[in-house]
Amino acid sequence: MSLKVITIDYWNTLFDSSNGIERNKLRNEAIKSTLIQLNPNITENDIKDAIYAAWGHFNKIWTEQMQTPTPRQSVEFFWDYLKLPKNEEAIDFVVNSFSTAILDLPPNLMQDASYVLEQLSKDYKLAIISDTGFSPGSVLKILMERAGILDYFTAFSFSDETNVAKPHPQAYLKVLNELNVRPEEALHIGDIEQTDILGAKKLGMKAIRFSGDPSFLSKPNAPKTAADAECFTWNEVLIAIRRLSE
C-alpha cells in the first residue's frame, strides 16, 4: 500500500536540543525571583530539590501513564512541593516564563530539514506528532512559523493538547483519522525507540529512526531498531522514504 502521510516528531528529529541548558537557567531565574517574593526563607537548595522532584514527576507520568503534564500542571506540582500559598498571578507568571523561554533561546532546525520537508510536501501530507514538556504545542508552532516550515504541515498532535503521549495509539490516530488514512499508509520519523518507533510500528505504520542530532540529551537508544530504516541526516531521510514508497 502506497504512503500518503509522513508524521514527524519535533524534538531531536525536526529541531535539536541546542540552548536547552540556557533555557532552563532562564526558567529557574523566573522561579527564584518569584518565590523569594512569596517566601524569603526559601533557600537555593529548596528550589533545586523542587525542580528535581518536578522533573521526576514529569518523567513518571510520561513513562507510566503515556501523558505529559502541561506547563501549568508542572508549576502547580512545584508549588505544592514547596507548600507555597496559592497566588494565581505568580503562578501565571512562572507558567508563561516556562512556556515562552524557548522563543528567547530557540533550538535549531535540523540541517537540510527545510529542503526535505519542501520536497516531501509535494507528494505527501505532513503532520507533527510530538510529546511536549515546558513548551506547549501552541508555542512550538510559533518556532515552526519562524523557521518557515509551518505551512508544510496539515495536522498536529501535541501531547499537551491530546492528553496522550507516545507510544499511546491515540497520539498517532489523532492525525491519521484527521487526514483519513490507514496506519499502513503512513510513516513516522522520530528519535526515541520506545516511544516513536515502537508506537508507530505496533499500530502498523512504517517508521524511520532519526539518529542524527548531536545535541541529543536523553539516554541512548538501543543499538538495534524495529524501524524500517535508520537515518543520520535529513537527506538520508528523503532517500529512505523514496525507497520505502516503492
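In this predicted model, helix α8 (residues 169-178) packs against helix α9 (residues 193-203) at an angle of about 65°, and the two axes sit 9 Å apart. Angles from 65 to 115 degrees count as roughly perpendicular, so α8 and α9 are roughly perpendicular to each other. As for handedness, the crossing of α8 and α9 is right-handed. On the α8 side, the contact is made by P169, Y172, L173 and L176. Helix α9 brings in T195, D196, G199, A200 and L203.

Turning to the aromatic side chains, the structure holds 10 aromatic pairs. One of them joins F153 and F156, with 6.4 Å from centre to centre and 40° between the planes. Ring planes under 30 degrees apart would count as stacked and those over 60 as edge-to-face, so the F153–F156 pair, at 40°, goes down as tilted. Both partners can also be placed by their accessibility, where the cut-off for buried is under 20% relative accessible area. F153 is buried because its relative accessible area is 6%, and F156, at 12%, counts as buried too.

How values were computed: Residues numbered from 1 in each chain as written. Predicted model: local features only at pLDDT ≥ 70, side-chain atom pairs only at ≥ 80, totals over all residues. Heavy atoms only, no water. Axes fitted to C-alpha atoms, helices over the stretch in contact; angles between N-to-C directions. Helix = DSSP H or I, 4+ residues; strand = E, 2+ residues; numbered from the N terminus. Parallel < 35°, antiparallel > 145°, perpendicular 65-115°, else oblique. Left-handed = near helix turned anticlockwise from the far one by under 90°. Contact = heavy atoms within 4.5 Å. Phe/Tyr/Trp six-rings, centres within 6.5 Å; stacked < 30°, edge-to-face > 60°. Buried < 20%, exposed > 50% of the residue type's maximum accessible area, 1.4 Å probe, protein only.
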